[in-house]
Amino acid sequence: MTSDPTALLLATAFSIFGALCVVLVLVGLPGAWLLIATAIAIDCLDWIWLAPNAPLTFHPLTIVVAILIATAGEAMEFALSAAGAKRFGASRAGMIGAMIGGAIGAIGGTVLIPIPVIGTLMGALCATAAGAIIGELNARKPDGKPISLRDTVAPATGAVLGRVLGTLAKLPIAVMVAALLAIAAYRI
C-alpha cells in the first residue's frame, strides 16, 4: 500500500467515485465505462503528482482486464434484453429494436427528463418497449401478413423485463470493475 499522501488521497477519491459509478449502472448508464475512462485519464496525468520514476497508478494490464470484464457485462445486458423479448415472442427485428431503443432511451431520458435516476430509467424502459414495438411492426408474421399493434404488446413487455434483468445482472460486473481499479489505485 502506498504511503504517499497525494496517491492515498487520489485512491480514496477514486474509490468513492467508483461507488458512484456502480450506482449509475442501476439507472442504465455506463458507470463501469466511466470509471475505466477515469482510470485511463489518471494514468495520463500521473506525471503531475507522481515521482518521475514511479509506476503508473493503474497498470495497463489492469485496465485491459477491467475493459474485458465491462465488455462481458454489456454483452450480458444486451443478451438478456434480447432473450426477454424473444421469450415473449419477439422477432429478430423486435429484439434489435429493443436493444437500440434501450440504448438511445437511456441517453435521451437523462437529457429530456431532468430528474436524476428517474429520467434515465424512464427513458431506457420506454424506449426499449418502443424499439421492440417498432421492430415488430416492421416484421412480418410467418404467413407473410403484417403484425398488428396488439401483437407487439407481449414482445415489448418481454423486452422491458429483459432490460431490467440485464441491468441487474450488470451490477455485480460494475462492482468487480470498481473493486479491481480501487485495489490497483491503492497499490495493494
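User: Leaving aside neighbours within four places in sequence, what is Thr-152 in contact with?

Analyst: Thr-152 is in contact with Ile-133, Glu-136, Leu-137 and Ile-147, once its neighbours within four places in sequence are set aside. Contact means heavy atoms within 4.5 Å.

User: Before we go on, what am I looking at, and how are things counted?

Analyst: This is a predicted model: local features need pLDDT of at least 70, side-chain atom pairs count only at pLDDT 80 or more, and totals for chains, interfaces and linings use all residues. Residues are numbered from 1 along each chain as its sequence is written, and side-chain values use heavy atoms, with hydrogens and water left out.

User: Back to Thr-152. Where is it found?

Analyst: Thr-152 is in the loop between α5 (118-137) and α6. Helices here are DSSP runs of H or I with at least four residues, strands are runs of E with at least two, and both are numbered from the N terminus.

User: Buried or exposed?

Analyst: Thr-152 counts as buried because its relative accessibility is 1%. Buried means under 20% relative accessible area, exposed means over 50%, and partly exposed is in between, using a 1.4 Å probe and protein chains only.

User: And Pro-55, buried or exposed?

Analyst: Pro-55 counts as exposed, at 54% relative accessibility. Pro-55 is in the loop between α2 and α3 and touches Leu-50 and Arg-187, not counting residues up to four places away in sequence. From Pro-55 to Val-65 it is 10 residues in sequence and 18 Å in space, C-alpha to C-alpha.

User: Change of topic: helix packing. At what angle do the axes of α1 and α2 cross?

Analyst: At roughly 165 degrees, and the axes of α1 and α2 come within 9 Å. Therefore α1 is roughly antiparallel to α2. The crossing of α1 with α2 is right-handed. Axes are lines fitted to C-alpha atoms, for helices over the stretch in contact, and angles run from 0 to 180 degrees between N-to-C directions. Angles under 35 degrees count as roughly parallel, over 145 as roughly antiparallel, 65 to 115 as roughly perpendicular and the rest as oblique. A crossing is right-handed if the near helix is turned clockwise from the far one by less than a right angle, and left-handed if anticlockwise.

User: Which residues of α1 and α2 meet?

Analyst: Among them are Leu-10, Phe-14, Phe-17 and Cys-21 in α1, and Leu-35, Thr-38, Ile-42 and Trp-49 in α2. The contact of α1 with α2 divides into 12 nonpolar, four polar and no charged residues. Ala, Val, Leu, Ile, Met, Phe, Trp, Tyr, Cys and Pro count as nonpolar, Asp, Glu, Lys and Arg as charged, and the others, Gly among them, as polar.

User: What about α2 and α6?

Analyst: The axes of α2 (residues 31-49) and α6 (residues 153-186) come within 9 Å and cross at roughly 20 degrees, so α2 is roughly parallel to α6. Their crossing is left-handed. Ala-32, Leu-35, Ile-36 and Ala-39 in α2 meet Ala-174, Val-177, Ala-178 and Leu-181 in α6. By class, that contact has eight nonpolar residues, no polar and no charged.

User: And how do α3 and α4 pack?

Analyst: α3 and α4 (residues 92-112) pack at about 135 degrees, with their axes 9 Å apart, which means α3 is oblique to α4. Phe-78, Ser-81, Ala-82, Ala-85 and Lys-86 of α3 make the contact with Met-95, Ala-98 and Met-99 of α4. These residues divide into six nonpolar, one polar and one charged.

User: Take Met-95. What does it touch?

Analyst: Ala-82, Ala-85, Lys-86 and Ala-90, not counting residues up to four places away in sequence. Met-95 counts as buried at 16% relative accessibility.

User: Last topic. How many aromatic pairs are there?

Analyst: One aromatic pair, where rings of Phe, Tyr and Trp (its six-membered ring) pair if their centres lie within 6.5 Å. The rings of Phe-14 and Phe-58 have centres 5.0 Å apart and planes at 50 degrees, so the pair is tilted. Planes under 30 degrees apart count as stacked, over 60 as edge-to-face and the rest as tilted. Phe-14 is in α1 (residues 5-26) and Phe-58 in the loop between α2 and α3, 44 residues apart. Both Phe-14 and Phe-58 are buried.
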